[in-house]
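Please look over the model below before reading on. The text that follows goes through selected helices and strands in turn.

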Amino acid sequence: MQIITSPENAQIKHYRKLAASKKERKLTGLFVLEGLRLVLDAAKNSAKIHQLFCTEDGFSKWEQQRPPCAIPCTLLSEKLATMLSQTEHSQGVYAICEKPKSLSINAFFKKKGLYAILYQIQDPGNAGMILRTADAMGIDGVVYCACCDIYNPKVVRATMGSLFRIPVCQVDEIESVFDACHRENITTCAAVINPTAEPVGQCSFTQGTAILIGNEGNGLPPKTAQRCDRQITIPMHGNIESLNAAMAAGIILWELKNGVTSHGELN
């Protein structure tokens with residue numbers, strides 16, 4: 001195969017535009033992947049990969065591990081691969097991928113499901129890590145409301161492939177989320193910093209529950225928290241007032257899953 005060396009190549013310019021532009025990702029329904037493991041996860045979970053780009057070394061590793069699928073591949077020079085990379089050490093494997101099919105908010109919730117609702121989360125690392133944690137906990141889906149673009153390359157990398165394994169929904173207005181939860185009898189629980197809220201370690205949860213996690217700096221707006229059926233909190237000790245959003249989400253989602261298994265409805 002011919003090796004592409006120029007950043008002016010049309011395919012490379014398309015990749016770079018998708019990596020940099022939320023507008024382009026929305027317009028085309030495509031996004032980019034970087035790294036052997038992430039591209040393998042996408043392929044193994046039947047994601048629609050439109051184009052693969054590899055260095056010679058990256059292609060050799062891909063061929064050794066790839067699932068039985070035919071994906072068009074273009075070879076890159078090491079210099080060009082390093083130019084494309086957004087990580088400290090390039091693995092020489094990149095892809096253009098079609099966004100997973102997303103349900104509308106009206107079709108997203110199921111009556112006995114367990115969900116995370118992220119509201120105004122703006123840090124890509126937090127947005128991706130919470131999705132990965134929800135996947136690990138066996139949560140049924142994650143809603144991103146007024147959050148950063150989940151197809152931003154930084155978010156995609158932070159999910160470590162969970163983006164292809166767990167249902168995701170993106171919406172702009174929180175009221176549409178509350179309306180959908182109400183229709184399916186989903187109990188909404190606001191994660192807040194409030195000593196009068198229910199300590200999360202003492203909560204019993206039922207199937208059909210959604211946890212709302214707010215912005216990194218400000219948490220949930222008071223009106224949004226008050227709109228929820230319950231308010232829950234992680235008790236703090238010492239001089240710590242709050243936790244990182246992803247860390248707090250991990251604790252609460254573990255308690256949610258464990259609380260339903262131990263105390264809630266099983267059928």
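A residue is called buried under 20% relative accessible area, exposed over 50% and partly exposed in between, with a 1.4 Å probe and protein chains only. Helices (H or I, at least four residues) and strands (E, at least two) are DSSP runs, numbered from the N terminus. The model is predicted, with local features needing pLDDT of at least 70 and side-chain atom pairs counting only at pLDDT 80 or more, while totals for chains, interfaces and linings use all residues. Residues are numbered from 1 along each chain as its sequence is written, and side-chain values use heavy atoms, without hydrogens and water.

Helix 9 spans residues 174-183, and its buried residues include Ile 174, Val 177, Phe 178, Ala 180 and Cys 181. These lie on the same side of helix 9, because they cover an arc of only 165° around the axis, taken from the directions from the helix axis to the C-beta atoms. Just after helix 9, Asn 185 has a positive phi of about 55°.

Strand 11 (residues 209-213) is largely enclosed by the rest of the structure, because five of its five residues are buried. In a regular strand the side chains alternate between the two faces of the sheet. Thr 209, Ile 211 and Ile 213 point one way from strand 11, whereas Ala 210 and Leu 212 point the other way.

Strands count as paired if DSSP finds at least two bridges between them. Strand 6 (residues 114-119) pairs with strand 11 in the parallel sense over five bridges, and Leu 114 has Thr 209 as its bridge partner. Strand 9 (residues 187-191) also pairs with strand 11 in the parallel sense, over four bridges; here Thr 188 stands opposite Ala 210.
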